[in-house]
Every structure is written in C-alpha cells, then in structure tokens.
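Trainee: I have a structure to study today. Can we go through its charged pairs together?

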Amino acid sequence: MPELPEVEVVRRGLADFTTGRTIDAIDVLHPRPVRRHLAGPDDFVATLKGQTFGTPARRGKYLWLPLESGDAVLAHLGMSGQFRVQPVGTPDEKHLRIRFRFADSGGEVRFLDQRMFGGLSYAEGGAELPAEIAHIARDPFDPLFDLDAAAAGLRRRKTGLKRALLNQTVVSGIGNIYADEALWRAKLHYAKATETLKPQQAQEILGHAKAVMAEALDVGGTSFDALYVNVNGESGYFERGLAVYGQEGSPCPRDGRPIRREPFMNRSSFRCPKCQPAPRHARW
C-alpha cells in the first residue's frame, strides 16, 4: 500500500493539474472503482459534471480533491490505484477505469487501478475533511500535529510499538516500509511494549518516522514495481536508500550484521538482530 510520501507525490502532481479546473465530462469505464458511490456510476457522473476542483488535500495516506461546492472526491488508492495526467487523445491505458475531461479542453485526469481495490467516492461536505476519514489522526507533516500528544498516544496503547505506529488513529501516514526504517534508526525492536517507552523515546521514534518520510518524499517515494508511480508515470527512488526494509541478508549499514525478515501481521518486518534486539517486555 502507498504510504504518506507516495500519496503526497500524487497530491502535488494533481494540484498542478486540477486546481481551479471545471469538470466537463466523466467516463466511468468500470463500475467497481465507484462502488462506494451507492447511487451508482450514472449519478456519480451527473453529480460531478460542471463542478470545479479546489486544491487537492491529504491526511496521512488518504487523499481527496475538494470541490468549490464544499463537497469532495475522496480517493482510495488501495494496492494499485494511480492518477495519471494525459493529453486528450492519448491511447487508453490497459487498466484505465475513470477519465475526467475539463471545460478548458486541456489535458485530462485518469484513474487507473489494476487490482481494483481502490476507487473514488463523492463526499458531501468533505472539502475540509471527508467524514469517512475524520477518525484518522493527523500526520507528522500536518501544521497542527501535536508531537507530545502523539507520543503520549503511543505510550498508552499497550501493544507492540510497530502495531501502534501502523494504527492510523494514533499517528497517520506511516506504513510497513517507513515503520521499519524508523525503528531501525531508533534502534528499537518492533515488538517493544509501548507502555515501556520513555517519553523521549516515543518522541524520537516519531521524529525518525518524519525524517525518513521526508527523505523519501524528496526522491518521489518508494517504488518497488510499476504499481506505485506519480501522475506522469514515473517511479520514486527511495528504494535505493532503504536501510532494512526489503534488505533480508544484506549487511546492516551500522554494524554489518545480516538483516532479518520476520513474519508480522500477515506481512514482514525487517530488522538488524544486533542493534534492534528483542526486548524483555514484548508485545507481539
């Protein structure tokens, strides 16, 4: 799943292309990506036609396109959802699902989704924050993010540290990749019991998470395959800077020990066995 840096890259690309533009026509080429719009594809099209986009917004890993009406289009990227910008007349991509054309006759916005776990929905009154994601916590890049409160939230969870970092109601935007990288930088094991964290440790792990995501954002995010690209179809390059995630068997950049991959919540965790030893008080 894309994490904060990848979604922010998409948001910035859309902001340059959609802000202030009025929708002239929409083609829904497959009904599944608009399944959350219960009134159906035809109503989705009719509701949006003639509306004007504001500046795209994001909270954590969640993206929405505000409308000047005060409503919004909420985007669920899922595992393979992509936005692309293309000149009118460009041949359709294989997995094209939705197309937006604009009144100014300029280029169009396309939503592609190979696996179709993602989609778009209409969020009434959602321009500031769609109700569907109101429970999502602020992310470390949010101007109103409260580091002290988020650190205290981590310590109250009574769970494993990585589980808490992945809980989007505690702090948003962090997924499997950047959690592993932040934990490595903090020299902490993913199963460390959150209630054993000292306040400074909780703040430090959040600081490391923000730092590693900022570095990833600078190079377009992390792209392991063609499913994660920006609006121009280009991949990010942070894969080259990963210290532990996906590096099983490679030497730890700090001490040279081979990186381990271990099962975690139907996924994997990557860590250095020397500088991230299993804690005495663990919550798996």
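Mentor: Start with a definition: a salt bridge is a side-chain nitrogen of Lys or Arg within 4 Å of a carboxyl oxygen of Asp or Glu. Keep in mind that this model is predicted.

Trainee: How many salt bridges does the structure hold?

Mentor: Apply that cut-off of 4 Å between nitrogen and carboxyl oxygen. For the structure, the total is 18.

Trainee: How many residues apart are R58 and D139?

Mentor: R58 sits in strand 2 (residues 57-59). D139 sits in the loop between strand 8 (119-123) and helix 3 (147-156). The pair links distant parts of the chain, and the separation is 81 residues.

Trainee: Is D139 buried or exposed?

Mentor: Buried means under 20% relative accessible area. D139 has 2% relative accessibility, so D139 counts as buried.

Trainee: Which residues are linked in a network of salt bridges?

Mentor: Take E108 and R99, whose side chains meet in a salt bridge at 3.2 Å, N to O. E108 is buried at 1% relative accessible area, and R99 is buried at 7%. The network links D27, D92, E93, R99, R101, E108 and R110.

Methods: Residues numbered from 1 in each chain as written. Predicted model: local features only at pLDDT ≥ 70, side-chain atom pairs only at ≥ 80, totals over all residues. Heavy atoms only, no water. Helix = DSSP H or I, 4+ residues; strand = E, 2+ residues; numbered from the N terminus. Buried < 20%, exposed > 50% of the residue type's maximum accessible area, 1.4 Å probe, protein only.
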